[in-house]
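Subject: Structure for your review

Dear colleague,

Please find below the structure that I am handing over to you. My findings follow directly after it.

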Amino acid sequence: MGPGVVVTGLTLGALAVVSLLAFQANGAQDRAGGAKPTATTTATGTATAAAPAPAPAPTVPPLPATSGTGLRVVYSIGSHYVWLVDPKKGPQAVAAFPVTPGSVEPAPGSYAVYSRTQTTTGTDGRQIEHVVRFAQQNGVVFGFSAAVDGATPTTDPSAKTGGIRSGRAEGQLLWDFAPKDTKVVVIA
């Protein structure tokens with residue numbers, strides 16, 4: 001067998017593998033309802049996979065009309081979203097992001113940030129940062145924080161925890177936005 005036959009065999013084998021992978025990826029995308037990557041062949045006969053179209057951005061719920069007025073942090077129990085609202089920067093929120101609640105939710109109402117801690121240990125034993133506390137009810141402290149390792153809490157129904165976790169970048173935004181006495185509006 002000459003070297004040309006070996007190269008041709010390897011090339012055909014590689015094309016078969018790439019075609020199979022493209023076929024499988026296309027089927028996976030069909031099941032997921034996402035963008036469909038395609039396989040193309042270059043002028044040299046080498047198969048390449050095209051990059052899939054970017055996934056659509058997650059839909060951010062609009063700022064609820066019942067969220068109050070003025071500079072405030074808004075937390076929705078129903079959607080588990082937080083909005084940072086500064087009327088000086090426009091009628092819409094300057095930032096909005098999803099959060100993961102603890103095992104207990106605060107009662108709807110208007111509160112104020114009363115305490116902040118740069119870093120500490122959360123009730124789940126993880127190192128957390130940017131802790132912004134705004135309420136205490138029935139022995140449970142409610143506040144926003146972010147886990148240093150980026151983990152979201154695993155809710156233990158037997159423990160009463162009021163920590164509301166965000167991602168680290170969002171935790172930094174909230175920390176910078178909400179010094180002591182900033183209004184926090186909790187809505188259903």
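Of the 188 residues of the protein chain, 32% count as buried. The accessible surface of the chain comes to about 10900 Å², and 61% of that surface belongs to carbon and sulfur atoms.

Please bear in mind that this is a predicted model. The mean pLDDT of the protein chain is 79, with 69% of the residues reaching 70 or more. Over residues 3-42, however, the pLDDT is below 50. This stretch still has 27 contacts in the model beyond near neighbours in sequence. Where pLDDT is low, the predicted coordinates should not be read in detail.

As to the secondary structure, the chain has 2 helices and 11 strands. Along the sequence they follow the pattern α-β-β-β-β-β-β-β-β-β-β-α-β. Among contacts in the chain with a separation of 6 or more, 48% are between residues 24 or more positions apart.

I then turned to the sheet. An open sheet is formed by 5 strands in the order S5-S4-S3-S11-S6, with mixed pairing. Strand S5 (95-98) and strand S6 (109-112) stand at its edges; each has a single partner strand, so one side of each is left without a neighbour in the sheet. On average, neighbouring strands of this sheet are turned by 20° against each other, direction ignored.

Within the sheet, strand S3 (residues 72-76) and strand S4 (residues 81-85) run antiparallel and are joined by 5 bridges. Val-73, for example, has Leu-84 in S4 as its bridge partner. Helix H2 (residues 168-177) packs on the sheet and touches S3, S4 and S5. The direction of H2 makes about 40° with that of S4.

Which residues have the most contacts inside the largest nonpolar core? They are Val-73, Val-82, Phe-134, Phe-144 and Leu-174, in a core of 23 residues. At least two residues of this core come from each of S3, S4, S5, strand S8 (127-137), strand S9 (140-147), H2 and strand S11 (183-187). In soluble globular proteins, nonpolar side chains tend to be buried together.

Phe-134 deserves a look in the viewer. Leaving aside residues up to four places away in sequence, Phe-134 touches several residues, including Tyr-111, Phe-144, Ile-164, Val-184 and Val-186.

With kind regards

Terms used. Residues numbered from 1 in each chain as written. Predicted model: local features only at pLDDT ≥ 70, side-chain atom pairs only at ≥ 80, totals over all residues. Heavy atoms only, no water. Pairing = 2+ DSSP bridges. Helix = DSSP H or I, 4+ residues; strand = E, 2+ residues; numbered from the N terminus. Axes fitted to C-alpha atoms, helices over the stretch in contact; angles between N-to-C directions. Contact = heavy atoms within 4.5 Å. Core = buried A, V, L, I, M, F, W, Y, C linked by side-chain atoms within 4.5 Å. Buried < 20%, exposed > 50% of the residue type's maximum accessible area, 1.4 Å probe, protein only. Areas by Shrake-Rupley, 256 points an atom, 1.4 Å probe, with all protein chains shown as cover. pLDDT = per-residue confidence, 0-100.
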